Amino acid sequence: MTKRDAYVAKMKLQLDELNVKISELEAKAQEAKEDARAKYKEEMTKLRHQSKLAVAKLDELKAAGEDTWETMVGEMEKVRDAFIHSFNYFKSQL
């Protein structure tokens, strides 16, 4: 496995784990009181959107040529970090 393949696999695993955790939080948010549920639903929509952006960026990373690989790694990490930050913020609000 090349360094590139290992990195892509690592990113995919991290995104998959975050998506599982989001699903778990979504279930927990359903147990919230009615007034809080709307806010949680809105935040959950934002998290799902960030997840889609991260997956799209991962797909771009997979398709990147050697000349753009390093740049794409930096962009991927920024997207992943923003996704993790949003997830952690939402989790702290529950």
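Helix 1 and helix 3 run roughly parallel to each other in this predicted model, because the angle between them, about 15°, falls under the 35 degrees that sets the limit for that description. Helix 1 covers residues 3-30 and helix 3 covers residues 69-93, and their axes lie 11 Å apart. If you look at how the pair cross, you will find the crossing left-handed.

Which residues of the two helices make the contact? From helix 1 come Arg 4, Tyr 7, Val 8, Met 11, Gln 14, Leu 15, Leu 18, Asn 19, Lys 21, Ile 22 and Leu 25. Helix 3 answers with Trp 69, Val 73, Met 76, Glu 77, Arg 80, Phe 83, Ile 84, Phe 87, Phe 90 and Lys 91.

With 25 residues at 1.5 Å a residue, helix 3 should span 36 Å, and the 36 Å between its end C-alpha atoms agrees with that. Its buried residues are Trp 69, Met 72, Val 73, Met 76, Arg 80, Phe 83, Phe 87 and Phe 90.

Now for helix 2, residues 34-63, where Ser 51 has its place. Is Ser 51 buried or exposed? Ser 51 is buried, because its relative accessible area of 7% is under the 20% cut-off. Setting aside neighbours within four places in sequence, Ser 51 is in contact with Asn 19 and Phe 83.

Key. Residues are numbered from 1 along each chain as its sequence is written. This is a predicted model: local features need pLDDT of at least 70, side-chain atom pairs count only at pLDDT 80 or more; totals for chains, interfaces and linings use all residues. Side-chain values use heavy atoms; hydrogens and water are left out. Axes are lines fitted to C-alpha atoms, for helices over the stretch in contact, and angles run from 0 to 180 degrees between N-to-C directions. Helices (H or I, at least four residues) and strands (E, at least two) are DSSP runs, numbered from the N terminus. Angles under 35 degrees count as roughly parallel, over 145 as roughly antiparallel, 65 to 115 as roughly perpendicular and the rest as oblique. A crossing is left-handed if the near helix is turned anticlockwise from the far one by less than a right angle, and right-handed if clockwise. Contact means heavy atoms within 4.5 Å. The expected span of a helix is 1.5 Å times one less than its number of residues. Buried means under 20% relative accessible area, exposed over 50%, partly exposed in between (1.4 Å probe, protein chains only).
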